[in-house]
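Dear colleague,

Here is the structure I said I would pass on. Please look through it first; my notes come after it.

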Amino acid sequence: MSILKRLDELVPGQGGRIASISPCGNLRRKLMEMGLVIGSELMVIRVAPAGDPVEVLLRGYSLALRKNEAKQLILEVDAA
Amino acid sequence: MIRAALIGNPNVGKTEIFNRLTGLSQKVGNFPGVTVEKKAGMLVHRGREIEVVDLPGAYSLTAHAVDELVASDYIVLERPDVIVDIVDGINLERNLYLTLLLLEMDANLVVALNRWDMVAARGMEIDIEKLSELLGCPVVPTVAITGCGLEDLKDSIVDAAGQKRAKGQGAALNYGDDIEQLINKVEDVIKECTALNGRYPERWLAIKMLEGDERVMEQTRAILSSSQLADILSIIEAEEAAIK
């Protein structure tokens, strides 16, 4: 069973598969250019105290996202 | 003189390679119209003079960021003889996105597979011959910080400059039947426009027009005849209506 969660709701060590990317236009394009495409797997490495930024591991590299960008990514997370 | 341009994602060792290629012969200036630094230098290899321009680091080539715009304008409008795409060997998947965009521009490409020492150190293996075959361009392993592989890279630049790549020789990304049909339709209109002939790679231009790239639309509006522009816009409009 997997459930859908926003990226900013995950804690370090949790990860999942990208199910949808909410924004359209330039932000969506930028996120996709950075490797965040539907179906790609990522894991949260660490989160700054206020939840901004969030560092994720993706395709073997780490990527830091602003909270408002992380909110736009919906992940399929295995419900443990 | 061979005109070569270096491009690659940020932090792949591009500037280190540039410094090693050109030594102390660099000149720093600006790209016209924007305050993005332009560094150019000269080297001589096998009796040929090579001018090398270091383009800004970029993940992609859209018209939204000034540095990406500088890079894509330079490639499309200045048409350097050879583009050297510096790729981080330990982040191949991410870096190849830019490589595919460059192939789409019909760039005469040489790929420098940098951090080759790290690839082995991390226990990774990359089949260089296969990669070169898939991309349709030479792939040269390099280690920028030690200068390893740079002589091979210079050889490849001279060789690539000697043989202009035939159109469509590189790997083209297939966008799937429905979009490919659309690309072909727009490309046909573009090919009919003699004023555009040879100024832009046709397939790339067709894709950019379908994306609605503002920069490209602006540049081509003056060149395409109004009926040709209308043709292209109606193709796009019809398809958008069909999708909805």
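Predicted model: local features only at pLDDT ≥ 70, side-chain atom pairs only at ≥ 80, totals over all residues.

Chain A has an open sheet of six strands, and their order across it is β1-β6-β2-β3-β4-β5, with antiparallel pairing. The edge positions are taken by β1 (2-6) and β5 (61-65) of chain A; each has a single partner strand, so one side of each has no neighbour in the sheet. From one strand to the next, the twist averages 40°.

In chain A, β2 (residues 15-21) and β6 (residues 73-78) are joined by four bridges in the antiparallel sense. Within the sheet, A:Ser20 has A:Ile74 of β6(A) opposite.

Helix α8 in chain B

How many of the 10 residues of helix α8 of chain B are buried? The count is seven, so this helix, which spans residues 202-211, is largely enclosed by the rest of the structure. The buried residues are B:Glu202, B:Trp204, B:Leu205, B:Ala206, B:Ile207, B:Lys208 and B:Met209. Two of the names there, B:Glu202 and B:Lys208, belong to residues that count as charged.

What do the buried residues of α8(B) pack against? Their partners are four helices of chain B: α3 (92-104), α7 (177-192), α9 (214-221) and α10 (226-243). Just after α8(B) comes B:Gly212, with a positive phi of about 75°.

The packing of α8(B) on α9(B) can be given in more detail. Packed helices are described by the angle between their axes and the distance between the axes. For α8(B) and α9(B), the axes come within 8 Å and cross at roughly 115°. The crossing of α8(B) past α9(B) is left-handed. On the α8(B) side the contact is made by B:Leu205, B:Lys208 and B:Met209, and on the α9(B) side by B:Val216, B:Met217 and B:Thr220. By class, the residues of this contact are four nonpolar, one polar and one charged.

Contact between the chains

Between the chains, eight residues of chain A are in contact with eight residues of chain B. On the chain A side, helix α1 (residues 25-33) gives the largest share, three residues. The chain A residues that touch chain B divide into two nonpolar, three polar and three charged.

Regards

Methods: Residues numbered from 1 in each chain as written. Chains lettered and ligands numbered in written order. Pairing = 2+ DSSP bridges. Axes fitted to C-alpha atoms, helices over the stretch in contact; angles between N-to-C directions. Buried ≥ 20, exposed ≤ 12 C-beta atoms within 10 Å, placed from the backbone. Contact = placed C-beta atoms within 7 Å. Left-handed = near helix turned anticlockwise from the far one by under 90°.
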